Amino acid sequence: MLRKEDFIYFGKFTKPHGTKGEIGIAGEGFLLGEDCDFIACDIDGILVPFFIEESRTKNNDTIIVKLERINDAESVRFLTNRATYIPREWVDEEEHFTWNYFVGFTAEDEEVGTLGEVTAVDDSTINTLFVVEYNGEEILIPASEDIITNIDHEERTITFQLPEGLINI
């Protein structure tokens, strides 16, 4: 069984590309190297491997992949908008992570303690925000190096020194 902690967020499947079973992946700027023979997809909370027959770059943030045993647009359509992951060993995390790298990390505050899991990154505005599940509600935390005090890649935690009152907004 694939363990999520052994993987790093790569991007999301976009839509089918063409009619031969290819699909786009809007990625985080990582390139799929020659060592990358599969990509994992989160399906109902379980990472499922999909082996790659071919891949090519479409633009700066999108690649097109042809997955083994998927040969038409209808067969690949069920993957649309699903998160994809690649093994951590394929990425130099210290040099190549983006804010989306922290999806799945546990967010902590120096004063409050554990807040919850980073479930998404909102980059729809000029200020990128972490979406964190806290006490059954979503809170937004600025993705800013100014308030991040520690990142533990092994334990997958990110610690903040949050401004007073931010959690109560």
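These are my notebook entries on one predicted model.

**Ground rules**

I number residues from 1 along each chain as its sequence is written. Since I am reading a predicted model, I note that local features need pLDDT of at least 70, side-chain atom pairs count only at pLDDT 80 or more, and totals for chains, interfaces and linings use all residues, while side-chain values use heavy atoms, with hydrogens and water left out.

**Entry 1: the whole chain**

I began with the overall layout. I found two helices and twelve strands. Helices (H or I, at least four residues) and strands (E, at least two) are DSSP runs, numbered from the N terminus. Along the sequence I read the pattern β-β-β-β-β-α-β-α-β-β-β-β-β-β.

Next I looked up burial. Buried means under 20% relative accessible area, exposed means over 50%, and partly exposed is in between (1.4 Å probe, protein chains only). Of the 169 residues in the chain, 44% are buried. The chain exposes about 10000 Å², and carbon and sulfur atoms supply 44% of that area. Accessible areas come from the Shrake-Rupley method with a 1.4 Å probe; for residues, only the protein chains shown count as cover.

Then I turned to contacts, meaning heavy atoms within 4.5 Å. I took the contacts with a separation of 6 or more; residues 24 or more positions apart account for 54% of them.

**Entry 2: salt bridges**

How many salt bridges does a search of the whole structure find? It finds five. A salt bridge is a side-chain nitrogen of Lys or Arg within 4 Å of a carboxyl oxygen of Asp or Glu.

- Arg3 and Asp6 meet through their side chains at 3.0 Å, N to O. Arg3 is partly exposed at 45% relative accessible area, and Asp6 is partly exposed at 34%.
- Lys66 pairs with Glu53, with the closest N and O atoms 3.8 Å apart. Lys66 sits in strand β5 (residues 62-67) and Glu53 in strand β4 (residues 46-59), so the pair ties together parts that are 13 residues apart in sequence. Lys66 is buried at 8%, whereas Glu53 is partly exposed at 44%.
- Arg77 and Glu74 meet at 3.1 Å, N to O. Arg77 is partly exposed at 40%, but Glu74 is exposed at 58%.

**Entry 3: a negative patch**

Which residues form a negative surface patch? I noted Glu117, Glu133, Glu137 and Glu138. Patches are made of residues with over 30% relative accessible area and no salt bridge; like charges are joined within 9 Å, and nonpolar side chains (Val, Leu, Ile, Met, Phe, Trp, Tyr) within 5 Å. Lys and Arg count as positive and Asp and Glu as negative; His and the chain ends are not counted. I take the place of a charge as NZ of Lys, CZ of Arg, CG of Asp or CD of Glu. I checked one patch member, Glu133. Glu133 lies in strand β9 (residues 129-134) and is partly exposed at 34%.

For each residue here I left aside neighbours within four places in sequence.

Is Ile167 buried or exposed? Ile167 is buried, at 16% relative accessibility. I found Ile167 in the segment after β12 (157-160). Ile167 touches Val112, Leu115, Tyr134, Ile139 and Leu162. Ile167 and Val112 are 55 residues apart along the chain, and their C-alpha atoms are separated by 9.4 Å.

Thr157 is in strand β12 and is buried at 13%. Its contacts are Phe105, Thr106, Glu108, Asn150, Ile151 and Asp152.

Asp122 is in strand β8 (residues 113-122) and is partly exposed at 26%. I list Asn127, Thr128, Leu129 and Val131 as contacts of Asp122. Asp122 and Trp99 are 23 residues apart in sequence and 9.5 Å apart in space, C-alpha to C-alpha.

Most residues other than glycine have a negative phi.

Asp44 sits in the loop between β3 (38-43) and β4 and is exposed at 72%.

Asn135 sits in the loop between β9 and β10 (137-142). Asn135 is exposed, at 66%.
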